[in-house]
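Here is a short briefing on one protein model.

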Amino acid sequence: MTSTIVVLIAGVLLVLTGVYISWRAGRLDRLHIRLELAWEALDAALVRRAAVCLELAASRLLDPATSLVLASAAHEARTAGPEEREHAESDLSGTLRAAVDQERFREKLGESAGGVVLLEELDEAVAKVVYARRFYNNAAGVTRTAQRRWLARTLRLAGRTEFPSFFEIDDTPPSSMAAE
């Protein structure tokens, strides 16, 4: 009778352990899916910001020097490889700040209907980059924490995936955009 109870308790503990391990593996899988979706949203936001910058540079609403510098930085951000991407996106942020924070920049663009639309698109694109990067970095942090837990490491629940890296760029919006 006592051996039956011991076997029953051991069986229940084994089943509960299996359920817990399965739950942790499923959670880790969901975190990886969330991370991939966050990366796709961040990538789309960065591409959209570069596209709006290129559109603004080509609009003939800016002076030629500002247009050239902005178009060059946007092109570099769009064509940068994975290793150079953070640096290129930070450069685009700095160039965008320098362009938008010029004296009377908004007033000059606001004089034309196309300029107003471009300013609205630019404000929206810059804000989306800030939010998408925060969301991605949050997802990367949570996933890294889950992968570092002893159970995940011991049983290799994450498989051979590497720790996700954070996407660190200077995404500070221009001061004239942050004030609004």
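Ala, Val, Leu, Ile, Met, Phe, Trp, Tyr, Cys and Pro count as nonpolar, Asp, Glu, Lys and Arg as charged, and the others, Gly among them, as polar. The model is predicted. A search of the whole structure turns up one cavity of 30 Å³ or more.

**Cavity**
- The volume of the largest cavity is about 50 Å³.
- Its lining consists of Arg24, Arg27, Leu28, Ala146, Ala152 and Leu157.
- By class, the lining of the largest cavity has four nonpolar, no polar and two charged residues.
- Helix α1, residues 2-58, gives the most to this lining, with three residues.

**Helix packing**
- α1 packs with helix α5, residues 113-148, at an angle of about 155°.
- The axes of α1 and α5 lie 8 Å apart.
- Angles over 145 degrees count as roughly antiparallel, so α1 and α5 are roughly antiparallel to each other.
- The crossing of α1 past α5 is left-handed.
- The contact of α1 with α5 holds 24 nonpolar, four polar and eight charged residues.

**Proline 173**
- Proline 173 sits in the loop between α6 (150-154) and α7 (175-178).
- Is proline 173 buried, partly exposed or exposed? Its relative accessibility is 26%, so proline 173 counts as partly exposed; that class lies between the cut-offs of 20% and 50%.
- Proline 173 and arginine 78 are 95 residues apart along the chain. Their C-alpha atoms are separated by 19 Å.

Technical notes. Residues are numbered from 1 along each chain as its sequence is written. This is a predicted model: local features need pLDDT of at least 70, side-chain atom pairs count only at pLDDT 80 or more; totals for chains, interfaces and linings use all residues. Side-chain values use heavy atoms; hydrogens and water are left out. On a 1 Å grid over the protein atoms alone, a cavity is a set of points where a 1.4 Å probe fits but cannot get out, and a pocket is an open set with protein on both sides within 12 Å along at least five of seven lines; lining residues have an atom within 4 Å of a point. Grid points are joined across faces, edges and corners, and a volume is the space filled by probe spheres set on the points. Helices (H or I, at least four residues) and strands (E, at least two) are DSSP runs, numbered from the N terminus. Axes are lines fitted to C-alpha atoms, for helices over the stretch in contact, and angles run from 0 to 180 degrees between N-to-C directions. Angles under 35 degrees count as roughly parallel, over 145 as roughly antiparallel, 65 to 115 as roughly perpendicular and the rest as oblique. A crossing is left-handed if the near helix is turned anticlockwise from the far one by less than a right angle, and right-handed if clockwise. Buried means under 20% relative accessible area, exposed over 50%, partly exposed in between (1.4 Å probe, protein chains only).
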